[in-house]
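Dear colleague,

I am handing over the structure below, and I would be grateful if you could look at the ligand site before we speak. My notes on what was found follow directly after it.

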Amino acid sequence: MEKPVNILFFTIVLIFGLSSCKRTGNVIFKKSDRIFYNQVGYQTNAPKIALIKTGPTEFVVINENGDEAMKGLVQDGSYWEQSGDTVSVIDFTNLTLPGKYTLILPENNESAEIIILDKPFMELSKSALKSFYYNRSGTSIDSLYGGVFSREAGHPDTVVFVHSSAVSKERPENFIISSPLGWYDAGDYNKYVVNSGITTYTLLRALVDFEKYFEELNINIPESNGPIPDLLAEILYNLRWVLTMQDPNDGGVYHKLTTKQFEGFVMPHLAVEPRYVVQKSTTAALNYAALLSMGYRTLKKRENQLPGLAGLCLKNAEKAWDWAVKNPNVEYNQPKDIGTGAYGDKNFDDEWFWCASELFLATGKKKYLDIIISKYSTPQVPTWNQTYSLGFISLLDNYNQLPEQIISKNIKQDFLNLADNLVQISKTSPYRVSIQNFNWGSNSDVANHGMLKLFAYKLTGNKDYLASAISDLDYILGRNATGYCFVTGFGQKKVMNIHHRPSGADGIVDPIPGFLVGGPNLAVLKDCGPDVERSPYPAKSFVDLECSYSTNEIAINWNAPLVYLVAGIDVLF
Ligand code: 9MR
């Protein structure tokens, strides 16, 4: 049943300010915690959906002048076993005039602030990319670029020891190598080849797929206003580190560069434990070679600006491939004295496929084509240990040049089946998302879903993919079962206490902005000790506490698909 809306009443409300709690006469509008919505903004021409926990049946939207802009009925929703709650749908897609609005549930006197803009994501896009700059090892962050988040340099990594697990004839135990630059992996200060591979590939993908956008995107880093796009400058900061992780004597690649144990929550320059390169592995070699081959293809167009770099990438990539061929089953086994991230993986088929795809595109050699064919399998959502879809995307981006052997595998349809399945799930999901399993870093799965959908849109022009990708971003920005906007520095219900050493140690209340936190999952329920309760429902099992490394850490491989998703939506919609 609809109630009449008193425009004058809303005007008075607005004049007195609609902040977190508003009083007019004897009516109070309080900031609602039952409304889940995109807290950064809705795009004027996109679908606009908010969710509410069941109860209210009608909604009203008023504009900044206090005029009613829209009213409507709440649509019935359904129960989500992942969150343990039932949510109903508020659809205000028809509101297409840019502006700041207040969404009101008149029956409950609750409200939420909504923003509608043609381009609501520009700051988010810059910030998501700039988080990589803030996570650079071996450099200070000057206040010119970092403002209050300026800091001293840490981890020069010019003196790195060869760990006993990584010795060779030429490089005995404690042999010293130099392995500077690169990004810290996450909330810790270590650098891992496997995770860096998917991350840097995803960013290169963004550069290739949205070239013009990134030609113009200035994120105020030391390289800004130079000859290459800021995104590429950021990528090169890590790529140059990756190159140092190969042993030039045999082509093998160290799995990681790390302290023996995680360091404390201190600033980078105070975290000075010795650093080691640890064990060569097949996955590290294949990741390295895949990334550098993609790097070769991207950089060779810039030979004038970066002379010799593309060629070096390809030469080293082929050398790493040859090592992997001679050492096809070297699994990473964490040595007893090392306690940092393992990024261990028992199945290498996807890495072989991805790497062969990249090297085939780079060289056209038959030996790589043979591996593409022999390792072919249907793609899955990408993660650090599942890289099939990265090979698919690279191949599909060059579809017209592919040989019949690959085309006849049905490569395009296999990829679209993955994207179609994700879209289908999101259409029936109560939260309008494709995620069904909440793993460690679940938010990055959502971002990767969005990335796959955007790529499917680029292949087909079917707008269903776009709408579903926007829905993924809505989830990340607050339309999720926790109500948090999961990117630091953004939203109304902000994440504040991320598991990120610089953010924890810098003495500044706000975390460093632009980071996507891992998000809800049931992996390590007691990372904050026995007294911190987490929801038994996977989609709600999240706490904004620094101790919660399993839900509230940040990581480069989580931010990279966010960069892709936000840029893609900005460009494509
Ligand atoms: O993202 C990784 C997740 O898939 C694993 O389950 C988890 C435990 O092994 O490790 C995560 O990666 C962490 C890495 O090992 C060390 N740096 C921080 C990463 C994010 O938590």
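In this predicted model, a polar atom in the side chain of Asp 188 lies 3.0 Å from a nitrogen atom of the ligand. Taken alone, the ligand exposes 450 Å², of which the protein buries 77%.

Asp 188, Trp 440 and Glu 553 are part of a shell around the ligand that also includes Asp 185, Ala 186, Tyr 192, Gly 341, Tyr 343, Trp 384 and Trp 558. By residue class, this shell divides into 6 nonpolar residues, 1 polar residue and 3 charged residues.

Where does the ligand sit? It is placed in the largest pocket, and the volume of that pocket is about 650 Å³. The lining of the largest pocket is made up of 34 residues, and those closest to the centre of the pocket are Tyr 343, Trp 384, Trp 440, Asn 557 and Trp 558. The elements that contribute two or more residues to this lining are α4 (193–209), α14 (442–460) and α18 (556–572), and the largest share, 4 residues, comes from α18.

As for its composition, the lining of the largest pocket divides into 15 nonpolar, 14 polar and 5 charged residues, whereas the shell around the ligand comprises 6 nonpolar, 1 polar and 3 charged residues.

With best regards

Note on methods. Residues numbered from 1 in each chain as written. Predicted model: local features only at pLDDT ≥ 70, side-chain atom pairs only at ≥ 80, totals over all residues. Heavy atoms only, no water. Near = heavy atom within 4 Å. Polar contact = N/O pair within 3.5 Å; in protein donor to acceptor, adjacent residues only side chain to side chain. Areas by Shrake-Rupley, 256 points an atom, 1.4 Å probe, with all protein chains shown as cover. 1 Å grid on protein atoms, 1.4 Å probe; cavity = no way out; pocket = protein on both sides within 12 Å on 5 of 7 lines; lining within 4 Å. Sits in = over half its atoms within 2 Å of the grid points. Nonpolar A, V, L, I, M, F, W, Y, C, P; charged D, E, K, R; others polar. Points joined across faces, edges and corners; volume = space filled by probe spheres on them.
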